[in-house]
Amino acid sequence: MHEFLTGICFWIALGVCLIGMLVRFVLYFRGLSWQLDRVAYKAHPIPGMKGAFRSIYKWLLPYGTYGWRTQPFMTAIFFGFHIGAVAVPLFLAGHNLFLESKLGFSLPMLSACVADFLTWMAVISAFFLLLRRIVLPEVRILTTREDYMVLFVSLAPFITGMMARYQVGDYGFWLNMHIFFGELLLIAIPFTKMSHVFLFFASRAQLGMDFGIKRGGMKGTKMAW
Amino acid sequence: MPEGKYCNKKPIETPEEVNFLLSDTSGNTYYEEMKSLDVDSDLMWATIQKTMKSRLKTWLEICAHCGMCADSCFIYLVNKKDPKQVPAYKIQSTLGEIIKKKGKVDNAFMRHAMEVAWSQCTCCNRCGTYCPHGIDTGIMFGYLRGLLYQQGFVPWEMKIGAGMHRAFRAQMDVTNEDFIETFEWMVEEYEDEYPGLTVPVDVENADILYTVNAREVKHYPEDLAEAAILFHVAGENWTVPTEGWEQTSLAMFAGDWAACKMQVESVYDAMERLKPKRMIGTECGHAHRATVIEGPYWAGREDGLPPVESIHYVEWLAEALREGKLKIDPSKRIKEPVTIQDSCNYIRNQGLKNATREIVSHIVEPGYFIEMSPNKEHNYCCGGGGGFNGIGFFRKQRNQALITKRDQILKTGAKLVLAPCHNCWDAIRDLEEEFEIGIRWSFLKPLVIKMLDLPDHMKPEE
Amino acid sequence: MFKKILFATSATPASDHAARVAFNIARGYDAHLDIFHVLGVPSRGYSQVVVDVKTKERVDVDDEYMSWVKEEVNTYYSKYLENGLKFDINVTVGFPAREILRQAKDTNPDLILLGGTTGDEDESVYKKSVASTTLQKVAKSAKCPVLIVNRPAASFWGGLSNITFGTDFSKSSDKAFDFTIKVAKALDCEVNVFHALDITSVSTGKILSQDDIEQKIREAFRMIRAKYEPALKELKNYSMDVWEGIPYIEIVKYARDNHSDLIVMAHHSKKAKQEDAILGSNVEQVIVRAGCPVISVNR
Ligand code: HEM
Ligand code: SF4
Ligand code: SF4
Ligand code: SF4
């Protein structure tokens with residue numbers, strides 16, 4: 001089982017995720033239409049790039065935008081969750097040892113205590129994200145079954161990973177579950193809302209170009225995000 | 001009865017058709033007929049497949065349903081935070097459903113979508129700047145309006161408005177002759193006070209081509225005189241076109257993209273015919289949006305720019321004051337608490353916040369200007385944008401929406417509101433009528449004229 | 001004398017005294033009377049909704065409504081309209097002053113007749129946004145004389161016998177004088193030329209000594225003689241006077257003392273200072289106070 005999951009399944013999951021997202025990324029930009037979107041992307045590449053960069057950069061900073069600042073609690077749990085969700089899978093020592101053995105290279109590694117901290121932060125934040133969905137009427141009305149599924153799929157690797165980490169019950173079982181959910185997540189990325197992992201950058205870049213080209217950028221005003 | 005006499009899918013093309021639709025008082029029969037108007041699902045789906053590209057599709061798909069846009073929408077806030085007014089919900093439950101059902105929706109759904117598209121969103125684009133994913137719901141509502149217009153599910157006044165543009169190339173039944181005649185008449189009325197005041201018509205290669213809002217011709221012709229006076233005093237070499245003088249576009253509010261193209265092309269033709277150095281439009285927000293910001297795309301101009309450099313009136317005014325073409329007598333500056341309405345259409349959507357602030361610094365005594373909160377690109381819509389002001393069917397909702405601006409103004413304590421946008425001006429007027437909070441409001445032109453320090457040779461003889 | 005008269009009315013009791021004068025003149029000179037009613041100001045963006053000045057209701061204006069209003073106006077004045085009076089009734093939508101001027105531009109009347117409160121009696125918010133009143137605007141921009149009948153006491157136009165002409169020696173006053181002479185000759189009446197020396201410190205900037213005042217009065221007399229006497233001599237009766245005081249009060253007093261049945265004044269197109277604008281220019285104050293009709297002449 002372990003062999004199967006770390007072997008062929010891993011390759012398939014990673015391949016589906018990367019190729020899927022590459023395809024979606026390319027399709028996104030090819031599907032932009034200067035006339036229908038009413039943004040002259042090609043005619044003004046430089047203001048467009050500037051706007052795109054600003055739009056992404058500002059929103060990646062915790063409390064970097066009006067949007068983030070008006071919702072301080074949401075911002076805290078969003079970054080609490082996302083920093084963990086991005087950093088832990090990529091930089092966890094265990095993951096990188098695995099990567100080294102599979103691909104022959106590795107990324108910088110997190111120390112165990114930082115990794116633990118980020119994981120707990122992510123899980124707790126995710127809990128609040130869930131709570132928010134249930135409690136706040138303006139979020140509840142938007143919530144669909146898919147939202148819970150996505151939250152579950154992105155949280156499952158953390159929970160199972162922690163079970164294995166703290167050796168609650170059978171280590172082997174939790175490790176397999178962890179790998180399984182991790183791969184499920186990778187596969188889910190291109191096909192669900194999880195596609196935002198990449199498409200966030202695409203969508204933000206687009207609006208950034210819009211502001212950079214049409215909505216003031218070329219008049220010399222930067223959008224005060 | 002699938003296609004009604006008044007309410008149908010066919011756009012209005014001629015003055016006779018405009019009058020015919022107008023003859024249906026308040027659109028009573030129109031809305032009655034709408035209840036049995038067929039939905040052409042195939043047409044709608046085909047249109048969607050042709051026009052809905054990755055941007056909109058991705059927006060609908062990746063929306064995190066996080067609700068961060070909720071508080072950014074003034075209509076949500078002013079309706080006691082009704083969850084049904086959350087921008088993401090509004091668009092997902094209308095456009096989102098249409099996509100999910102591949103266009104197979106029924107009449108009742110379409111009428112509901114119409115209500116949401118025109119009475120729950122003014123396309124102010126504020127939510128777009130508060131969404132972490134950069135999802136601009138206002139743009140999506142613009143798109144939805146296009147689909148609804150195509151199917152005939154559009155408020156009566158909007159159908160008429162778009163029809164006016166098709167029939168008259170103006171938002172009201174004002175002909176080219178009316179325009180020139182009224183302009184000349186107004187200039188004549190003021191020429192005693194401003195010797196040498198004229199309206200140069202169809203002059204080629206002028207520095208400035210001036211375009212207006214047809215409402216000025218029809219109801220506020222003083223505005224024309226004021227524009228002429230300011231150009232005259234500033235010593236500008238300006239002109240107006242006999243054709244292509246209307247800068248606004250109710251067709252944009254209606255979602256009638258073909259009419260948008262016709263309208264804006266009439267202005268671009270004037271530019272190409274007269275070859276001015278620049279085009280300047282009157283103090284109107286959506287007019288600028290239509291002709292300068294969105295227009296180039298309707299007209300198929302790949303660089304996204306009008307044929308000649310086109311600026312908003314506030315940009316010209318700021319420049320004229322900066323360069324000393326217009327001089328303000330400091331003793332006549334505004335000396336009472338005053339605030340300014342930032343029009344979404346050229347502040348949020350074209351970043352002209354500095355121009356208006358610069359004008360304020362010239363015409364308001366230091367210490368008397370109070371910003372609204374929020375302001376500049378984060379300002380709330382006046383409450384009447386996107387066609388909301390004009391639609392009788394949704395008057396109640398519109399009046400409710402005005403409360404945001406009312407409270408914003410009250411909080412500043414200002415007694416005078418500068419409103420360099422026709423639509424905002426109208427909305428603020430209506431909110432005074434509705435709530436009587438004791439404010440005055442004004443375009444910039446009349447205020448500036450009162451404060452001018454005229455060069456000696458321009459002073460009228462005693 | 002008058003062939004075509006534009007009578008702008010709210011078709012409510014507020015315009016009744018003006019109406020009496022209008023119909024009087026029209027009959028007296030066999031003139032054509034254009035009864036003009038601005039039924040309301042456009043409201044609500046580009047919607048078709050208008051606040052009707054008569055009913056104060058928000059209405060949807062369409063052709064049907066317009067013809068209904070026309071009918072109403074006709075009924076309201078029916079007792080005056082009998083016996084072959086030449087008239088027509090026009091109804092429109094817009095800001096009263098602007099529409100009256102537009103109608104005047106299109107029809108070229110020899111006289112515009114306004115009730116003092118035309119279109120202004122409704123406390124609409126327009127009052128606040130449109131800086132000046134209907135009266136001010138029409139008087140300022142009209143190309144023909146504007147006759148204003150504001151107070152019931154002023155609603156009289158019968159055998160005119162005595163006209164007070166108030167002058168400030170401006171160019172437009174010359175025009176007003178020409179008109180006065182024309183009327184006086186046609187009706188064979190007496191003309192009193194009057195100038196009020198403004199001694200309010202607001203306008204002179206200082207308090208004048210009695211010597212200064214008398215000096216100025218003498219100067220004014222000389223001016224009147226030089227400017228107006230040649231034409232006046234062609235009349236049977238005339239007089240000239242200069243008083244000091246607050247001009248509009250003095251004119252009203254003077255006209256009353258002389259039993260004038262008409263006051264003619266020029267409308268100043270000189271821009272008033274902001275503080276004065278609140279008080280209104282002299283002619284407007286005279287209109288409000290005078291016991292007889294007032295004609296404002298502009299060009
Ligand atoms: C660079 C990578 C990423 C970026 C820029 C990003 C950005 C975003 C943004 C802007 C939102 C919407 C706002 C919000 O709900 O707070 C969001 C929501 C979400 N993201 Fe990400 N994300 C990234 C990676 C990930 C990863 C790796 C996961 C999962 C492991 C993830 C899971 C989620 C989930 C579950 C939500 C929905 C939160 C909710 O239910 O409210 N994201 N992300
Ligand atoms: S803020 Fe953006 S992502 Fe969140 S619900 Fe609103 S539209 Fe969707
Ligand atoms: S565009 Fe403006 S009105 Fe429309 S949903 Fe967004 S914030 Fe609300
Ligand atoms: S009317 Fe003015 S404030 Fe309202 S949406 Fe339009 S531009 Fe914005």
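Which residue of chain B forms a salt bridge with Lys105(C)? Select Lys105(C) and Glu181(B) together: the closest N and O atoms of this pair are 3.3 Å apart, and the two residues form a salt bridge, a term that here stands for a side-chain nitrogen of Lys or Arg within 4 Å of a carboxyl oxygen of Asp or Glu. Before going on, note that this is a predicted model in which local features need pLDDT of at least 70 and side-chain atom pairs count only at pLDDT 80 or more, while totals for chains, interfaces and linings use all residues. Residues are numbered from 1 along each chain as its sequence is written, chains are lettered from A and ligands numbered from 1 in the order in which they are written, and side-chain values use heavy atoms, with hydrogens and water left out.

**Stop 1**

Lys105(C) belongs to helix H4 (residues 96-107) of chain C and Glu181(B) to helix H10 (residues 176-190) of chain B, so the pair joins two chains; helices (H or I, at least four residues) and strands (E, at least two) are DSSP runs, numbered from the N terminus. Lys105(C) is partly exposed, with a relative accessible area of 25%, and Glu181(B) is also partly exposed, at 42% relative accessibility. In these descriptions buried means under 20% relative accessible area, exposed over 50% and partly exposed in between (1.4 Å probe, protein chains only).

**Stop 2: the whole of chain A**

Now select chain A, which has eleven helices and zero strands, and whose C-alpha atoms fill a box of roughly 60 × 40 × 35 Å along the principal axes. Of the 225 residues in chain A, 45% are buried. The accessible surface of the chain comes to about 11,500 Å², with 76% of it belonging to carbon and sulfur atoms; areas come from the Shrake-Rupley method with a 1.4 Å probe, and for residues only the protein chains shown count as cover.

Of the two pairs of chains in contact, chains A and B share the most contacts, contact meaning heavy atoms within 4.5 Å. No contact joins chain A and chain C, and their closest C-alpha atoms lie 26 Å apart.

**Stop 3: a buried pair between chains A and B**

Select Asp136(B) and Arg215(A), whose side chains meet in a salt bridge (2.8 Å, N to O). The pair crosses between chains, from the loop between helix H7 (107-119) and helix H8 (137-150) of chain B, where Asp136(B) sits, to the segment after helix H11 (196-214) of chain A, which holds Arg215(A). Asp136(B) counts as buried at 0% relative accessibility, and Arg215(A) is buried as well, with a relative accessible area of 5%.

**Stop 4**

Within chain B, select Lys353(B) and Glu377(B), which form a salt bridge with their closest N and O atoms 2.8 Å apart. Lys353(B) lies in helix H18 (residues 353-363) and Glu377(B) in the loop between H18 and helix H19 (395-412), so the pair ties together parts that are 24 residues apart in sequence. Both ends are buried, Lys353(B) at 12% relative accessibility and Glu377(B) at 4%. Elsewhere, salt bridges that share partners join Asp37(A), Asp210(A), Arg215(A), Arg55(B) and Asp136(B) into one network.

**Stop 5**

Move to Arg204(A) in helix H11 of chain A. Arg204(A) is buried yet has no salt bridge, and Asp136(B), the nearest side chain of opposite charge, is 9.2 Å away. Not counting residues up to four places away in sequence, Arg204(A) touches residues including Trp59(A), Trp225(A), Cys131(B) and His133(B).

Thr129(B), in the loop between H7 and H8 of chain B, counts as buried at 0% relative accessibility. Its contacts, leaving aside neighbours within four places in sequence, include Trp59(A), Trp225(A), Arg348(B) and His378(B). Thr129(B) and His378(B) are 249 residues apart in sequence and 8.3 Å apart in space, C-alpha to C-alpha.

**Stop 6: a charged patch on chain C**

Finally, select Asp211(C), Asp212(C), Glu214(C) and Glu244(C), which form a negative surface patch; such patches are made of residues with over 30% relative accessible area and no salt bridge, with like charges joined within 9 Å. Helix H9 (residues 210-232) of chain C gives the most to this patch, with three residues. Asp211(C) has its place in helix H9 of chain C, and at 60% relative accessibility Asp211(C) counts as exposed.

Technical notes
Patches are made of residues with over 30% relative accessible area and no salt bridge: like charges are joined within 9 Å, nonpolar side chains (Val, Leu, Ile, Met, Phe, Trp, Tyr) within 5 Å. Lys and Arg count as positive and Asp and Glu as negative; His and the chain ends are not counted. The place of a charge is taken as NZ of Lys, CZ of Arg, CG of Asp or CD of Glu.
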